[in-house]
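Here are my notes on the model, as numbered points. Please read them with the structure open.

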2 protein chains.
Amino acid sequence: MINGKNPPDVGIQLPESKMGIDTVTDSSSGPPVRNVNGKAQVMQVILRTLCLVTSVTALSLMVTAKQASTITVLGFNIPLHSKWSFSRSFEYLVGISAAVALHLILQLLISGSRLVRGSPTISSRNHGWLIFAGDQVFALALMSAGSSASSVSSLNHTGIRHTALPNFCKPLHHFCDRVSASIVFTFFSCFLLAILVVLDVLWLSSKH
Amino acid sequence: MINGKNPPDVGIQLPESKMGIDTVTDSSSGPPVRNVNGKAQVMQVILRTLCLVTSVTALSLMVTAKQASTITVLGFNIPLHSKWSFSRSFEYLVGISAAVALHLILQLLISGSRLVRGSPTISSRNHGWLIFAGDQVFALALMSAGSSASSVSSLNHTGIRHTALPNFCKPLHHFCDRVSASIVFTFFSCFLLAILVVLDVLWLSSKH
């Protein structure tokens, strides 16, 4: 380091240089840093809480989605029974939503306890990278679960084009509505996690 | 941490120690910076080229997927005709793959021309954020397209549980194989873009 300040356009410092060794404890942050940090931390906690609410809502809407009805085909009354666990995509959505909720509860507990003790929510660069990785993986997983479920749900709605499969959602509208609402909440959770990923990157790029 | 060389008013210091050392080596010698920088840039270009190849492969496998066959139900021969454009999910996959390929070609052209001129591939922090945003959005979009298509494809394979829908993939295995291969390449493109996102974040967190 020449000027004792951050050099302007030095090439890329190898990633390892930044990630590698956490030598110094970071708890020495003074009041000005804490004020600036505080806002971002509170924002993170609010977004995480909101995301927890939406993913739990998606989960509970999906697991309560079942309906029995009848459909009339060629004069015959055929009993129809629909339940979320009949479709693997819906099971997948439930699994991912539950995992996301657990991840968020864990993060909230950790950052909550750190906030209470007055220390910053993210303890080190490695911790920051870990949170980034978790948020990123779960954002992708939610996108996957939401898309997979919505393509099955859209088949239920429209039937399969070019086949004789009927529109299941006419007799089973209660079931289909719940599934659709669950999918909407899943995508909203994904959106919130994507914002959290950007906040994580902002944190990582602001610390040096 | 080297005493007396810490920059003042830095709240959290952990990466500084390592960074300081890096900076010394970086700014004391000119060529090594270019070399280190060059490696990361070449790595980016290689990953982007690979991702371009996989997404174009996914695209071309999908748009060539069609087959005609017959299925025997209750003694009747029913003609079956399958084509990728019969499913909205497959159309979605084609659209997203094409968009990703365009994005990658654009990025490669820009960074290629910059490399030829000897300037760094990413010109500024804002440019870095733009690339991060693009890669992140397209990674999520590929995850969405792949999941959506694979849930439709899996319905074709297994039939819909608890309904009489048959396994379409027995008579149409050529079609189903192409679709499956296309989906695998889509997920691989998504994986490569997710790695590129991490590289973008590393770049952003190394620049200040």
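1. Terms first. Helix axes are lines fitted to C-alpha atoms over the stretch in contact, and angles run from 0 to 180 degrees between N-to-C directions. Helices (H or I, at least four residues) and strands (E, at least two) are DSSP runs, numbered from the N terminus.

2. Provenance. This is a predicted model, in which local features need pLDDT of at least 70 and side-chain atom pairs count only at pLDDT 80 or more, while totals for chains, interfaces and linings use all residues. Residues are numbered from 1 along each chain as its sequence is written, chains are lettered from A in the order in which they are written, and side-chain values use heavy atoms, with hydrogens and water left out.

3. Chain A overall. Five helices and two strands make up its secondary structure. Read from the N terminus, the order is α-α-β-β-α-α-α. Chain A has 208 residues, and 50% of them count as buried; buried means under 20% relative accessible area, exposed over 50% and partly exposed in between, with a 1.4 Å probe and protein chains only. Take the contacts (heavy atoms within 4.5 Å) in chain A between residues at least 6 apart in sequence: 79% join residues at least 24 apart.

4. The α3/α5 pair in chain B. Helix α3 (residues 88-116) and helix α5 (residues 173-206) of chain B have axes that come within 11 Å and cross at roughly 40°. That angle makes α3(B) oblique to α5(B). For reference, angles under 35 degrees count as roughly parallel, over 145 as roughly antiparallel, 65 to 115 as roughly perpendicular and the rest as oblique. The crossing of α3(B) past α5(B) is left-handed: the near helix is turned anticlockwise from the far one by less than a right angle, whereas clockwise would be right-handed.

5. Which residues of chain B make that contact? From α3(B) come B:F90, B:L93, B:S97, B:V100 and B:L104. From α5(B) come B:F175, B:V179, B:S182, B:I183, B:T186 and B:L193. By class, the contact of α3(B) with α5(B) has eight nonpolar, three polar and no charged residues. Here Ala, Val, Leu, Ile, Met, Phe, Trp, Tyr, Cys and Pro count as nonpolar, Asp, Glu, Lys and Arg as charged, and the others, Gly among them, as polar.

6. The α3/α5 pair in chain A. The axes of α3(A) and α5(A) are 11 Å apart, at an angle of about 40°. α3(A) is therefore oblique to α5(A). Their crossing is left-handed. On the α3(A) side are A:F90, A:L93, A:S97 and A:V100. They meet A:F175, A:V179, A:S182, A:I183, A:T186 and A:L193 in α5(A). The class tally for this contact is seven nonpolar, three polar and no charged residues.

7. Cores. A nonpolar core is a set of buried Ala, Val, Leu, Ile, Met, Phe, Trp, Tyr and Cys residues joined through side-chain atoms within 4.5 Å. The largest has 73 residues, of which A:F90, A:L193, B:F90 and B:L193 touch the most other members. Elements giving two or more residues to this core are α2 (31-63), α3 (88-116), α4 (125-158) and α5 (173-206) of chain A, along with α2 (30-63), α3, α4 and α5 of chain B. A second, separate core of 17 residues includes A:W203, A:L204, B:W129 and B:L204.

8. A:F90. This residue sits in helix α3 of chain A. A:F90 counts as buried, at 1% relative accessibility. Beyond its neighbours within four places in sequence, A:F90 is in contact with A:M62, A:W84, A:A149, A:V152, A:S153, A:N156, A:F175 and A:V179. A:F90 and A:V179 are 89 residues apart along the chain, yet their C-alpha atoms are separated by 8.3 Å.

9. A:A101. Also check A:A101, in helix α3 of chain A. Its relative accessibility is 7%, so A:A101 counts as buried. Outside the four places on either side in sequence, A:A101 is in contact with A:L52, A:S55 and A:V56.

10. B:T121. Where is B:T121 placed? It is in the loop between α3 and α4 (125-158) of chain B. B:T121 is buried, with a relative accessible area of 8%. Leaving aside neighbours within four places in sequence, the contacts of B:T121 are B:Q41, B:S111, B:R114, B:L115 and B:H127.
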